[in-house]
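The sequence and the model are shown below, and the text then turns to the chains, their interface and selected local features.

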Amino acid sequence: MVTLDEVLGSGLLQKPSGDAPEALQRQITNYKPLHTFKLEKTRPYQQQYADIYFLRLTKIRPAVEAAASVAWEGTVLGGEKVKRVERVLDVRQGELCWVAGTVYMDMPLKPSILEDVSKDRWISAPTSVGHYYSGNGEDSVMLEDDSGRIRLVGNALQNHFMVTGCIVAVMGTENANGEFEVIDLLFAELPPQPERWSLSKGKKEADSSEDVEMMDASFSGQSHKPSSKKIALVSGLEFSNADTSYAMELNLLLEYLLGEALDPSVQRDELSHITRLIIAGNSISTTAAEQAKPAAAFDTTTVTNKFQSQNKKYGYDSSSYNPVPSQLLDSFLSELLPTMPVTLLPGALDPANASYPQQPIHPAVFPQSRTYMPPPKAGAGKDKDAPEEEEPGWFDSVTNPWEGEIEGWRVLGTGGQNLDDVFKYVESEDRLGMMEAMCRWRCVAPTAPDTLWSYPFQEDEPFVIKECPHLFFVGCQPEFGTKVIHGPDRQAVRLIAVPSFSETREVVLVDTETLDVERVKIVAE
Amino acid sequence: MPVTRKSARSRGGAAAAAAQGKQQTLSFHHRVTKPTVKTGKDLVKEEETPETVTKKKDIKVKDDTTEAPKAESHSEEEGEEHHEKKKKQPHAKVKKPAKKAATKHVKEHVKEHVKEEKEKEDEPKRSEIELCALEIPQSAIDAYWNKIDSARMASTVHKKHTQDLTTGEKVLRYFDVSSHYGPCIGITRLKRWQRAEKLGLNPPLEVLAVLLKEGEGEDKVKERAHMDELMNSVSAGP
C-alpha cells in the first residue's frame with residue numbers, strides 16, 4: 001500500500017505552493033446620472049418639428065451673437081464698418097454686415113419627405129443612403145431663421161464642418177446673385193464648464209454622516225495611495241447567435257473585466273482598478289439571421305420559399321424572432337454585475353425606440369440581471385419628479401444620449417447615431433473633428449430632426465449642451481480615437497471615439513483622476 | 001237594481017262621507033317644492049342682498065350656508081341652485097370682498113345666469129406673473145392695441161374682415177403672427193406664451209391678460225391660433 005508521504009515525496013502530488021491569493025476589492029466610484037434625455041411615458045406627438053429649430057436657435061443665439069460682437073465689433077473692411085443685422089432677410093446688397101441663424105444644407109442625395117410626398121411615392125421603410133454629400137457642387141449651404149433663408153457661398157465655408165441644425169454667425173455681404181458671400185464664420189464655442197464635483201458637492205454636505213465617511217475614505221484613499229480608478233468603455237458587443245467570430249473574445253472580455261484573466265500581479269495593479277463599465281450601444285445584433293436566409297434560399301426549392309413567406313402573420317415574420325442574442329447579453333451582464341456596476345446605453349441595433357433620444361432598455365429584456373436594477377415603483381409613470389430622486393441601481397439602463405457625473409467629472413455619451421449622421425453630411429473622415437465640432441456648436445445631435453429621427457420637442461430641447469462636459473464619448477465607431485480640446489474659457493474636454501468591439505476587439509479604459517485613456521485589445525489565438 | 005236605502009244614503013251623502021274622511025282627497029295646502037327656473041324678477045330681488053365674495057370660482061354648496069340667512073324668503077333649495085347656476089366670475093375682477101365689487105359681480109350673474117353652467121373644480125394655482133396680468137384692465141389692453149396699430153404705416157384695408165373681432169382677439173392674432181416667439185401652429189396660445197416667457201423673450205403681459213380672461217360664446221378666447229385652425233381644417237370634397 002502506498003502511503004501519502006511516499007506519494008508526496010515522489011512529486012506526483014504536491015501541496016499547494018503558497019497561501020491562497022487574497023481576494024481583491026473593487027473600489028466604488030461616485031456615480032450620479034442625470035435624466036436630461038428622459039421623455040415622459042405619455043408624451044404627445046401632435047406637435048410640429050419646427051419648434052425644435054426655434055428652441056435651438058433661441059437658446060444658442062445669444063451666445064453666438066455675444067461671441068460675434070466681440071470678434072467683429074469695430075471691424076472695418078474696405079472702408080466699410082461691419083453692422084449687425086437683426087434678421088436674415090434684412091441683409092442688403094453691397095452692405096457689410098453680420099447675422100446669426102441656423103444652417104440648412106440642401107442636398108439632393110438627402111432623403112426628403114417633401115420630395116416623396118410631391119412625387120406621390122410611398123415607400124414602406126426609408127431607404128438608408130450611404131452619404132448625402134455629393135461633392136459635385138449640387139449641395140448648397142443656407143442660413144435660415146424665422147424670417148427666411150439665404151444661400152451662403154465663399155471659400156471660408158470650406159474650413160469648417162457644416163451640417164443642418166448648427167447655429168452660426170456669418171459676416172459678409174450680399175452679392176449680385178442674391179447669395180451671401182461669407183468672409184468669416186463663428187460658432188458658439190464651448191459652453192461654460194462646471195467644476196469637478198459640482199453636482200455631488202451640495203449632496204455631500206447635506207448627506208448623513210455615513211456617506212460623508214465614505215467620501216472621506218475615498219478621498220483619503222486617493223491621497224494615501226495613488227490607486228487610480230478606471231472606467232471601462234466598450235461598445236458594439238453585438239451578441240448574436242449566428243456570428244460567432246468574436247464570441248471567444250467576448251468571453252475573454254468578461255474574464256478581463258471580472259479580474260480573472262492574466263496573473264495576480266496584473267490583477268492587483270490594473271484589473272481591480274476598473275470600477276465601472278459603460279456599454280455605449282449596439283449590444284445586441286440581429287442582422288446575422290437575415291444574412292443566413294438568402295444562403296438558405298439558394299439551396300432550397302421554391303416550395304420551401306413559399307412556406308417561409310407564409311409564416312408571416314400580422315405583418316411580421318414571427319419565425320425570424322430570435323431570443324438568443326438578448327439572452328446572451330443578459331448572461332454576460334449577470335456574471336459581471338455582482339462585482340462591477342454597469343451603465344447600459346442603447347444603440348441603433350438595440351431593442352429601444354428608433355427615434356432620438358432613445359429611452360432606456362426595459363428591464364424585461366434582462367430576466368437575470370433585473371435583480372440589480374431598481375424595482376418598479378407602484379404607480380410609476382404618473383410621477384414625473386420621482387425619477388430625479390431615486391437611487392440608480394447597480395445596473396443602470398439609461399437613455400441615449402446620456403449625461404451624468406462620474407467621480408465628479410461631467411460625462412456626456414451617445415451610442416453613435418448622431419456622429420454617424422453628421423459623418424454623412426461632410427466630406428472628411430475625421431470623426432474626432434466632428435465630435436469637436438459638435439461640442440463647439442453646443443449641440444449633441446444637430447441633424448435631428450432633419451435626417452436623424454427625433455421626438456418633436458416643444459417645450460425644451462435637450463440636445464443643446466448647456467454645461468460643457470469633461471468627458472464626451474461616442475460609441476460604435478469604426479476605430480478608436482481620442483483628443484483633448486480646449487475652449488475660450490479654460491474649458492477642457494476629453495473626446496473619445498469608442499470603437500465597436502465586434503470589429504476591433506478593443507476596450508477603452510479611462511483614468512478617473514487624470515482622464516487619461518488606455519486602449520486594451522483582446523486577442524484570442 | 002232599485003235604489004236601496006244604503007245606496008240612497010251613500011249617494012246623497014257623498015260630501016258627507018268625504019267630510020267624514022272615508023275617502024282620500026287631494027289637498028292643496030302644501031306648497032309645491034320642486035325646483036323651478038328662476039326668472040329675472042326673482043334674481044333682481046336677490047341682488048339686493050349683498051353677497052360676500054369669498055372665492056372667485058367657488059360654487060361649493062357650503063358657501064351657501066353663509067349666504068342663506070341673508071337671502072330673502074326664498075327657500076334654501078333655490079338658493080343652492082342659484083349658486084350652482086352662478087357663472088364663474090370674470091377673472092378681470094380682483095379678489096376683494098367689497099360690497100361695491102359685489103354689485104358688479106351680481107350684474108354679471110344676471111347676464112350669465114340663463115346660459116349654461118360651467119362647473120370648474122379647484123382653481124389652478126396662479127403664478128405671480130399671472131396675477132400681475134390679471135390686474136391689467138381692458139383699457140390698458142386697448143391702449144396696447146392702439147399703439148401697435150398706429151405703428152403700422154398703412155391702416156387696415158379690409159376692415160370688413162377685422163371689424164367682427166374683439167380687440168382681445170386682434171391682440172392675440174398679432175401675437176400669433178410674431179414669429180419671434182416661435183411657430184404658432186401645433187401649440188396652444190397660452191403654452192406658447194409661457195414657453196416664450198421661460199426662454200426669456202419677454203412676451204407682452206397684455207397678451208397673457210387677454211388669454212386668462214374667460215368669456216362665453218363669442219367672447220370665449222380661442223385656445224389655438226387662428227392660423228392653426230385654418231391649417232388643420234379638413235375640407236370634404238366630392
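How many residue pairs are in polar contact between chain B and chain A, with both residues at pLDDT 80 or more? The count is four residue pairs. The model discussed here is a predicted one, and the values below are computed from it.

## The interface between the chains

On the side of chain B, 13 residues are in contact with eleven residues of chain A. The two chains bury about 1,000 Å² between them, and carbon and sulfur atoms give 58% of that area. Within chain B, the residues that lose the most area to chain A are Pro183(B), Arg195(B) and Leu199(B), which together account for 42% of what that side buries.

One salt bridge is counted between chain B and chain A. In this salt bridge the side chain of Arg195(B) meets that of Asp51(A), at 3.0 Å from N to O. Sorted by class, the side of chain B that touches chain A holds six nonpolar, four polar and three charged residues.

## The two chains

Chain A contains 14 helices and 22 strands, whereas chain B contains 13 helices and zero strands. Read along its sequence, chain B accordingly shows the pattern α-α-α-α-α-α-α-α-α-α-α-α-α.

Chain A has 525 residues, of which 48% are buried. In chain B, which has 238 residues, the buried part is 30%. The accessible surface of chain A is about 26,700 Å², with 53% supplied by carbon and sulfur atoms. For chain B the accessible surface is about 17,000 Å², and 55% of it belongs to carbon and sulfur atoms.

Contacts can also be sorted by separation along the sequence. Among the contacts in chain A with a separation of 6 or more, 74% join residues 24 or more positions apart. The corresponding share in chain B is 63%.

## A covered helix in chain A

Helix H13 of chain A spans residues 431–441 and is mostly covered, with eleven of its eleven residues buried. Among these buried residues are Arg431(A), Glu436(A) and Arg440(A), together with Leu432(A), Met434(A), Met438(A) and Trp441(A).

Just after H13(A), Arg442(A) adopts a positive phi of about 65°.

## Backbone features in the loops of chain A

| Site | Feature | Angle |
|---|---|---|
| Tyr356(A) to Pro357(A) | cis peptide bond | omega near -10° |
| Asn400(A) to Pro401(A) | cis peptide bond | omega near 5° |
| Glu189(A) | positive phi, not a glycine | about 65° |
| Glu407(A) | positive phi, not a glycine | about 50° |

Pro357(A) belongs to the loop that runs between strand S14 (342–345) and helix H11 (386–389) of chain A. Pro401(A) is located in the loop between strand S15 (395–397) and strand S16 (402–406). Glu407(A) lies in the loop that links S16 and strand S17 (409–414). Glu189(A) is found in the loop between strand S9 (180–186) and helix H4 (198–206).

Is Glu407(A) buried or exposed? Glu407(A) counts as buried because its relative accessibility is 2%, and the cut-off for a buried residue is under 20%. Glu189(A), at 22% relative accessibility, counts as partly exposed.

## Glu335(A) and its surroundings

Glu335(A) is part of helix H10 of chain A, which covers residues 324–336. Its relative accessibility is 47%, so Glu335(A) counts as partly exposed. Leaving aside residues up to four places away in sequence, Glu335(A) touches Leu254(A) and Leu258(A). The C-alpha atoms of Glu335(A) and Ser369(A) are separated by 8.6 Å, and these two residues are 34 residues apart along the chain.

Terms used. Residues numbered from 1 in each chain as written. Chains lettered and ligands numbered in written order. Predicted model: local features only at pLDDT ≥ 70, side-chain atom pairs only at ≥ 80, totals over all residues. Heavy atoms only, no water. Helix = DSSP H or I, 4+ residues; strand = E, 2+ residues; numbered from the N terminus. Buried < 20%, exposed > 50% of the residue type's maximum accessible area, 1.4 Å probe, protein only. Contact = heavy atoms within 4.5 Å. Areas by Shrake-Rupley, 256 points an atom, 1.4 Å probe, with all protein chains shown as cover. Buried area = accessible area lost by both parts, 1.4 Å probe. Salt bridge = Lys/Arg side-chain N within 4 Å of Asp/Glu carboxyl O. Polar contact = N/O pair within 3.5 Å; in protein donor to acceptor, adjacent residues only side chain to side chain. Nonpolar A, V, L, I, M, F, W, Y, C, P; charged D, E, K, R; others polar.
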